[in-house]
Amino acid sequence: MHEEALSAAITAGGRSSRFGSDKALAVISGERLLDRVARRFPPADARVLVAPPGRYVLPGWTPLPDTRPGEGPLAGLEAALGACPDGWVMYAGVDLPGLTPAYWAALLNARTAGARSVAGLDASGHVQPLAALYHTSLRGAVSALLDAGERRLRAALLDVQQVPWASLEAQCPDAYRNVNTPADLPDA
Ligand SMILES: Nc1nc2c(ncn2[C@@H]2O[C@H](COP(=O)(O)OP(=O)(O)OP(=O)(O)O)[C@@H](O)[C@H]2O)c(=O)[nH]1
Ligand SMILES: [Mg+2]
């Protein structure tokens with residue numbers, strides 16, 4: 001059987017305009033948000049950090065420039081899918097400090113035959129595309145969406161397997177805690 005790779009990708013190409021300074025560098029519990037998200041992925045065959053060239057140094061992660069700089073996390077996904085080996089990509093925003101290895105394991109375990117993306121539902125039932133699995137077979141579809149003017153990341157959730165919050169809450173209660181402003185930083 002053909003072995004598929006498992007890759008990790010962090011997207012950090014945003015402007016942090018609501019935060020007021022680069023939120024990836026914000027320190028929480030003594031470490032940068034960037035380092036925290038990075039170290040909470042399970043082991044992966046490839047690890048890429050999508051961000052403007054030279055903005056970050058993250059040992060063990062391959063720096064990857066945006067294919068369409070400034071066009072948002074859907075464009076970041078295009079870059080990640082294009083650079084990762086064929087298989088599944090764990091794709092996360094840099095501003096989700098509550099993610100854990102168990103969260104990724106829960107998504108990976110939820111994969112079904114035919115699914116090309118896997119995303120959790122939050123406590124309100126909203127799908128969460130910024131901490132989700134995408135299969136590299138979506139490359140062409142994601143580029144086509146961008147070419148057509150689409151910029152919402154959730155549009156990339158094609159052939160999606162959804163994971164109910166009840167299946168995620170125990171493993172990762174803070175999974176979708178999102179840092180947009182300094183007030184969102186959890187107190188250490
Ligand atoms: N690669 C890449 N990532 C992006 C881009 N825009 C936003 N992101 C990332 O997508 C995630 C969610 O985006 P936002 O929460 O809007 O972050 P942001 O755009 O930096 O912040 P705001 O300027 O306040 O909207 C963060 O991890 C961002 O770094 C982009 O153009 N390219
Ligand atoms: Mg933004």
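Q: Is Lys23 buried or exposed?
A: First, a caution: this is a predicted model. Lys23 counts as buried because it has 25 C-beta neighbours inside 10 Å. The cut-off for buried is 20 or more.

Q: Where is Lys23 in the chain?
A: Lys23 sits in a loop. That loop runs between β1 (5–11) and β2 (27–28).

Q: Which residues is Lys23 in contact with, leaving aside neighbours within four places in sequence?
A: Ser16, Leu33, Asp95 and Val179.

Q: Let's follow Asp95. Where is the place of Asp95?
A: Asp95 is in a loop too, between β6 (87–93) and α3 (101–109).

Q: And is Asp95 buried or exposed?
A: Asp95 has 22 C-beta neighbours inside 10 Å, so Asp95 counts as buried.

Q: What is Asp95 in contact with, beyond four places in sequence?
A: Lys23 is on the list, along with Leu33, Asn178, Val179 and Asn180.

Q: What does UniProt list as "binding site"?
A: An unreviewed UniProt entry gives Thr11, Ala12, Gly13, Lys23, Asp66 and Asp95.

Q: On to the ligand. Which residues come nearest to ligand 1?
A: There are 22 residues around ligand 1. Gly13, Gly14, Arg18, Gly76 and Gly93 come nearest. Gly13 is also in the "binding site" record from UniProt.

Q: How does the shell around ligand 1 split by class?
A: The shell has 10 polar, 7 nonpolar and 5 charged residues.

Q: Which element gives the largest share of that shell?
A: Helix α2 (residues 73–83), with 3 residues.

Q: Now zoom out. How many helices and strands are in the protein?
A: The protein has 4 helices and 9 strands. From the N terminus on, the order is β-β-β-α-β-β-α-β-α-β-β-α-β.

Q: What radius of gyration does the protein have, and what would a compact globule have?
A: The protein has 15 Å. A compact globule of 188 residues would be near 16 Å, so the two agree. The C-alpha atoms fill a box of roughly 45 × 35 × 30 Å along the principal axes.

Q: How many of the residues count as buried?
A: 39% of the 188 residues.

Q: What about contacts between residues at least 6 apart in sequence?
A: Of those, 72% join residues at least 24 apart.

Q: Last one. Which residues does UniProt list for a domain?
A: An unreviewed entry lists residues 8–157 as "domain: MobA-like NTP transferase". Over residues 8–157, the chain is 24% helix and 25% strand. The end C-alpha atoms of that stretch are 17 Å apart.

Methods. Residues are numbered from 1 along each chain as its sequence is written. Chains are lettered from A and ligands numbered from 1 in the order in which they are written. This is a predicted model: local features need pLDDT of at least 70, side-chain atom pairs count only at pLDDT 80 or more; totals for chains, interfaces and linings use all residues. Helices (H or I, at least four residues) and strands (E, at least two) are DSSP runs, numbered from the N terminus. The radius of gyration is taken over C-alpha atoms; the globule rule is 2.2 Å times the number of residues to the power 0.38. A residue is buried if 20 or more other C-beta atoms lie within 10 Å of its own, exposed if 12 or fewer, and partly exposed in between; C-beta atoms are placed from the backbone. Two residues are in contact if their C-beta atoms, placed from the backbone, lie within 7 Å. UniProt positions are given in the numbering used here, feature names are shortened, and annotations may be inferred rather than shown by experiment. A residue is near a molecule or strand if its C-beta atom, placed from the backbone, lies within 6 Å of it. Ala, Val, Leu, Ile, Met, Phe, Trp, Tyr, Cys and Pro count as nonpolar, Asp, Glu, Lys and Arg as charged, and the others, Gly among them, as polar.
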